[in-house]
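The stops below go in order, each with something to select.

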Amino acid sequence: MSVMTMVKAINNALDIKLNEDENIVIYGEDVGVEGGVFRVTEGLQKKYGVERVFDSPLAESGIVGTALGMAVSGLRPVVELQFDGFTFPAFNQILTNVARIQNRSRGKYGAPVVIRFPYGGGVNALEHHSESPEALFAHIPGLKVVIPSTPHDAKGMMISALESDDPIIFMEPKRIYRAIKQEAPDEKYSLPLGKAKVIQDGSDVTVVAFGAMIRECQKAIAMAEEAGISVELIDLRSIYPIDRETIRTSVRKTGRMIVVAEAHESFSVGSELIAITNEEAFLYLEAPPRRVMGYDTVVPLAQGEKYYIISPDRIFYEIEKTVKF
Amino acid sequence: MTQEDLPAIFRDFNPLEDKMLQIIDREGNLIRKDLMPELEDETIIEAYRQMLYERTADEMAVSYQRQGRMYTFTPNLGQEAIHIAAGMNIRHEDWLVPSFREMGILLSKGGTMKEMFLFYLGNEWGGSFQQAHHTLPISISIGTQFHHATGVGYSVKYRKKDEAVFTFIGDGGTSEGDFSEALNFAGVWQVPVIFTIQNNQYAISVPVQKQTNSLNLAVKSVAFGIPGIKVDGNDFFAMYLAYKTAAAYARSGRGAVLIEALTYRLGAHTTSDDPSKYREKEEEQLWAMSDPLIRLKRYMQDAGIWSINEKQLREEYREEIDRQFTEAEKEKSYPLDDVFVHMYSDMPDELRRQKKAYEQFLSWKEKRG
């Protein structure tokens, strides 16, 4: 066991798989010599050489489009897109080809591509560096979209992503890249993609969150407990496929559901979770399911971000409102 | 890339000077004997047969669509020399990353007309050409395939394989960002990819003059540091020489090549398109005089190697192609499973749930009668 940050945990997973599988190659902008702007790939080029870990030209469509070409011809490329807001030039390749080649070729070719990028706000960044586009990707048939919230999960989920025969969008909550340190095994282990995790049992209300919002929810839950409210916290971990079973079981028990996420509220993962709640637990509900999410606005720059980003006391406020409904 | 490393044709037909490689002229006269590829008479006859096969299949496909027996089709008429010249230079282990107007080379790779028809009858099993080795499915999204070819090229280089990658785009596709990005990546990575622009003068209705202010399309290679050449795409021998040279260059590890094949789409963009809306009959007639089949036939006649009974051969082809179409028509069944099972390597629960809901509806419908 070692104490790891999420950056270290993902680096460790990549290291293990690079060592184990020579079909894995890693590239993107600044990932080689520099080890990525967040240092997730630090040291890997030195260890595995420039043919396996390298800097590509600055063109996201090219990074993802070439990865598909590598994948159909036997490699397992892992590409880094530098920021959430810079994934969009690659959107056409992801939607039109990466997500579809398996279906289009009737299984003759697959796309074992891992597309990883840091996402989310709270880091006082420039425009295009604070976004949460998980719903955009989750809406595309053919992709799997996953988001870890801890170093331990990040490592196990990355190992699974690197062994998946389907294309994986691996979103990394940059705000907690180094903020959380946790013990994780040094050896290889994997966690199933597509499974949520009940982090804390409770009986009054189910709170579903993922990524950096888990930590904020845990702070809110401490406040709720002081107020005598018992909260069940679910870390969704996989956006698609979504773990309907875990949501159903929890909401049928608590009768209340709140989604906490950074993305814009409308047409979001929150919307999907409310739909699932209605489909699976309609007759068990004690209060309307709620979305505690970002506005349908551009994420404000640093000075205005305090209005947008979801704080623990705001989560507590919504928990209390829902329980008292 | 230094000038000395370049094969002679890339130096002698410099796109910056707007030169074009041509070996037989529009009348089929041999004008560059020094460049004529050394081909057996039988090979030339075979080339003509393959071009005639593609032409016949193409005409029949349009006709099936007109009869209402097939949904759509993208005609290849007039572009056969490019496809067959490429097809005769692509090997079993080489990769084909197609667009959607390269029927001849898909057949060379082991694709069948039955599959082609099945695709245009609306079935993915057709466009994926299951038996065609190292061949990607037909790609409709303009230009995106250039990146896939570059990525395949990286794999080939990474694994030190003796394979080349052939990929195609139209003149309109050169305006897409992916075109330039892919050539840039291919230049930096020095991958064995032969990029072909089939410049057939039109992107649906938009003429190439509205796509670019460049002197020609081959010249775009210069900016990316890869060799480029403009070739008369209706001259089988010029195309053959270009592919032979490009494939040898790519396989030698020196990197990618861009070929602009100057041609003309004698047919419509698809069977839904009406070219009379955007181009003059006179222009079509002028290009019809440069028909690649007629040019090759005239050359063969002049060289005394014309031995083909064209009428009889066409009849044989028609029968065989019609048999394939009938087979494709018969296979026009599409099980519900095919909608769902190929999306992921293991079907997610959400898809199982959606499929089950539809099956429950079906059984309700059946009971209801």
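Start by selecting H264(A): its bridge partner in strand 14 of chain A is G294(A). Helices (H or I, at least four residues) and strands (E, at least two) are DSSP runs, numbered from the N terminus. This is a predicted model, in which local features need pLDDT of at least 70 and side-chain atom pairs count only at pLDDT 80 or more, while totals for chains, interfaces and linings use all residues. Residues are numbered from 1 along each chain as its sequence is written, and chains are lettered from A and ligands numbered from 1 in the order in which they are written.

Next, select strand 13 (residues 257-264) and strand 14 (residues 290-294) of chain A. Five bridges join these parallel strands; two strands pair if DSSP finds at least two bridges between them. Between them the chain passes through helix 10 (residues 269-281) of chain A, in a right-handed β-α-β crossover (with the strands pointing away from the viewer, the path from the first strand over the helix to the second runs clockwise).

Finally, go to E187(A), in the loop between strand 8 (182-184) and strand 9 (197-200) of chain A. E187(A) counts as exposed because it has 8 C-beta neighbours inside 10 Å.

How values were computed: Buried ≥ 20, exposed ≤ 12 C-beta atoms within 10 Å, placed from the backbone.
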